[in-house]
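Subject: Structure for your review

Dear colleague,

Please find below the structure that I am handing over to you. My notes on what was found in it follow directly after.

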Amino acid sequence: MDQLDLFADAEETPVPATFAARPKPARTVTAPPTPHPAPAPAPRPIAAADDEPDGLFADPRPELPSVHTPIPAQRRIAPLLIGNPRNAGQRLGEAVAETWHASNWGGYRIDIPVSIVAALALFPIKGHTQDVTRIISNATDWEMLQGYREVYAHTWAHRPDLSARMAPLMGWLTEDGVEEKAYAVRRVTETALRHGILQLTGDPDPWCRSDTDVMSWTITSLRSHGARQGMGEYHTPPEVCDMMAAMTCLEPPEKGARFHEPAGGTGGMFRALAQHLRHMGLDPADYEWALNELDPLAAAGAAVNAIVWGLGPNVVIACGDTLADGGLSDRTARERKHLFEERDEILARLAVAEAAQQAMALADRLIGSNAA
């Protein structure tokens, strides 16, 4: 649970033990002098189970910019010039697809590269793009994989309703042999960083994070043309979405109004409407958002976007056939309450277990001091 101390500046929330890094003895890390930029080293093998280091977010962890000690920049990834965010989103999706298909794991399991882009977009530290890039690029393979687990754990702790919809993005991180994918995962990670995923999604202001739909570009770029035709899945041009949002919302809606998308994909129309509301001086978090989508991967992307775009707490993402099940959104809305209650119960148990562990450690110290 200590690995999530890195999020103290955002929101301090305990992390479920399922994702927590196994406890390891404390280490002392001395920051070496900043070397000259060097070529990226060859992929490193995963550490054996008994030698696994702490997670990317565990103690001892890299210090944030608020700490005066500089973060050593052993490896640098220089992002490309972003330019138009919408064009940058398309270039990012195409580059991720090309990198993934060129790796040994290319051609199938597109959930893995989509999951990597989603985790980087969800990275909870906003406003420190360069430092976060250095932290991730300097991580070992095990720390990188553990870091992705912890990003999704942090998301679950804050939004269990949307995290449940992201299940198709998290499964590979708990599979046996995940270390065999580390080389391809690192290549996709570095490609996404180089093409500005953190510049597009790492701003503290959700207005600036809502310029493009990186999840849609990534998913449609990874799918084959035949798969897109069979599923009827295409990326709606953002300009079309902007025009439709302006035409359907001529007057400021009342707070609490509900917006519904019966076949919403990754939520491109919601992105345009949220930005339109902001242009009108309104906060998207004051409204209700309900989206249905047949494809589980696209629905997971919509759940990621709902957080990145700052749509607020009243978001329902349903996955299923809207025509066959007219009550899909209502049933999903009812399930939200159960998911939050389940989250609260788990975190309460974790808090009790941690308190008991701390009490036992204190007792051991007292017994040891009395014996001395």
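In this predicted model, Arg-159 forms a salt bridge with Asp-161, and their closest N and O atoms are 3.0 Å apart. A salt bridge here is a side-chain nitrogen of Lys or Arg within 4 Å of a carboxyl oxygen of Asp or Glu. Arg-159 is buried, with a relative accessible area of 15%, and Asp-161 is buried at 8%. The word buried stands for under 20% relative accessible area, exposed for over 50%, and partly exposed for values in between (1.4 Å probe, protein chains only).

Asp-161 also meets the side chain of Arg-336 in a salt bridge, at 3.1 Å from N to O. Because Asp-161 lies in helix 5 (residues 160-165) and Arg-336 in helix 15 (residues 328-371), this pair ties together parts that are 175 residues apart in sequence. Asp-161 and Arg-336 are both buried. Helices are DSSP runs of H or I with at least four residues, strands are runs of E with at least two, and both are numbered from the N terminus.

Some points on numbering and method belong here. Residues are numbered from 1 along each chain as its sequence is written. Local features need pLDDT of at least 70 and side-chain atom pairs count only at pLDDT 80 or more, while totals for chains, interfaces and linings use all residues; side-chain values use heavy atoms, with hydrogens and water left out.

The structure holds 12 salt bridges. Another of them joins the side chains of Glu-345 and Arg-349, at 2.6 Å from N to O. Both residues lie in helix 15, four residues apart, which is about one turn of the helix. An α-helix has 3.6 residues a turn, so residues three or four places apart point the same way. Glu-345 counts as partly exposed at 43% relative accessibility, and Arg-349 is exposed at 56%. Salt bridges with shared partners also join Arg-109, Asp-111, Glu-175 and Lys-181 into one network.

Helix 4 (residues 141-158) has 18 residues and reaches 26 Å from its first C-alpha to its last, close to the 26 Å expected at 1.5 Å a residue. The expected span is 1.5 Å times one less than the number of residues.

I turn next to the aromatic rings. Rings of Phe, Tyr and Trp (its six-membered ring) pair if their centres lie within 6.5 Å; planes under 30 degrees apart count as stacked, over 60 as edge-to-face and the rest as tilted. By this rule there are three aromatic pairs. Phe-259 and Tyr-287 form a tilted pair, 5.6 Å centre to centre with 45° between the planes. Phe-259 lies in strand 1 (residues 258-261) and Tyr-287 in the loop between helix 13 (268-279) and strand 2 (288-293), so the pair ties together parts that are 28 residues apart in sequence. Phe-259 and Tyr-287 are both buried. The rings of Phe-259 and Trp-289 have their centres 4.9 Å apart and their planes at 45°, so this pair is tilted. It links strand 1, with Phe-259, to strand 2, with Trp-289, 30 residues apart. Ring pairs link Phe-259, Phe-270, Tyr-287 and Trp-289 into a cluster.

Yours sincerely,
A colleague
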